[in-house]
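Dear colleague,

I am passing on the structure we spoke about, and below it you will find what came out of going through it. Please read the notes with the model open beside you.

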Amino acid sequence: AVLLYLSDYGIIYWAEQYLYAGVTAIFFATFPIFTGLLSAFVFRTEPPRANTLLGLLIAFVGIAIIFYDQFLLTNFSGLTLIASIGIIISAFSAALSILVVKKYLSKVEIIPLTLHQMFWGTLSLIVVGLLRGEPLAYSMNAEAIIAVLYMGIIASALAFVMYYSLLQHMNPTALSLIIYVTPLVGIATGWLFLGEVITPQIIIGSILILMGIAVSQYHALRKVASKA
């Protein structure tokens with residue numbers, strides 16, 4: 001709860017006040033890399049494989065290429081620099097969280113696990129917010145309320161139930177690759193519904209992301225192919 005909600009989400013939401021969303025995506029893309037390294041060398045839930053690390057690095061480069069323009073526009077000084085470091089810390093915390101769940105909480109039922117995580121995570125955020133002097137009550141309009149409900153129910157409660165269900169059947173590194181897929185979904189959605197332009201830079205970055213995922217999961221893909 002503390003690793004994921006306070007150290008991960010809490011830092012991200014604070015840091016995004018000073019960073020472009022694309023720059024946040026670049027720094028948080030270290031999450032799968034941290035997951036792979038910690039899983040192989042600290043928690044030992046997966047064997048260390050060169051192709052896994054290589055694939056993660058290739059996909060990371062793809063993310064960096066897609067959001068390179070926003071990275072260039074960022075002046076890394078003062079709070080912006082601290083926010084950038086904070087995003088990397090949040091990625092490390094998220095990686096640590098998924099590995100703790102995989103190794104020590106895999107036998108806990110999904111709903112209670114998600115419920116307790118959200119409850120104690122929310123409580124930790126409230127405590128830190130009060131210590132920072134932040135008010136609990138905000139004046140929100142209908143759009144803001146709908147957005148908060150969506151984030152709480154769909155993007156948090158339902159998402160983590162599905163996330164932990166997958167974690168019971170997948171290794172943590174493979175599941176962490178969702179961080180590389182999310183920007184591709186955003187790009188496709190923007191193109192379909194908002195008429196956003198897909199540039200050669202985005203195409204190159206997307207290809208590298210898909211290549212990186214394929215390389216990192218080479219052994220798993222080969223196993224599936226052998227069963228087909």
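Phe 34, at 21% relative accessibility, counts as partly exposed, and Phe 92, at 34%, falls into that class as well (buried is under 20% relative accessible area, exposed over 50% and partly exposed in between, with a 1.4 Å probe and protein chains only). The model is a predicted one, in which local features need pLDDT of at least 70 and side-chain atom pairs count only at pLDDT 80 or more, while totals for chains, interfaces and linings use all residues. Residues are numbered from 1 along each chain as its sequence is written, and side-chain values use heavy atoms, with hydrogens and water left out.

Rings of Phe, Tyr and Trp (its six-membered ring) are paired if their centres lie within 6.5 Å, and planes under 30 degrees apart count as stacked, over 60 as edge-to-face and the rest as tilted; by this rule there are 14 aromatic pairs. Phe 34 and Phe 92 make an edge-to-face pair, 5.4 Å from centre to centre with 85 degrees between the planes. Because Phe 34 lies in helix 3 and Phe 92 in helix 6, this pair ties together parts 58 residues apart in sequence (helices are DSSP runs of H or I, at least four residues, numbered from the N terminus). One aromatic cluster is formed by Tyr 5, Tyr 9, Tyr 13, Phe 160, Tyr 163 and Tyr 164.

Helix 8 bends by about 35 degrees at Ala 159, the bend being the angle between axes fitted to the seven residues ending there and the seven starting there. Its buried residues are Ser 156, Phe 160, Tyr 163, Tyr 164 and Leu 167, and what covers them includes helix 1, helix 3, helix 6, helix 7 and helix 9. Leaving aside neighbours within four places in sequence, Tyr 163 is in contact (heavy atoms within 4.5 Å) with Phe 31, Ile 98 and Leu 175.

A nonpolar core is here a set of buried Ala, Val, Leu, Ile, Met, Phe, Trp, Tyr and Cys residues joined through side-chain atoms within 4.5 Å. In the largest one, of 26 residues, those that touch the most other members are Phe 28, Phe 31, Ile 87, Ile 98, Tyr 163 and Tyr 164, and helix 6 gives the most to this core, with eight residues.

Lastly, Ser 216, found in helix 11, is buried with a relative accessible area of 5%, and, not counting residues up to four places away in sequence, Ser 216 touches Asn 51, Thr 52, Gly 55, Leu 56 and Leu 177.

With best wishes

Methods:
Helix = DSSP H or I, 4+ residues; strand = E, 2+ residues; numbered from the N terminus.
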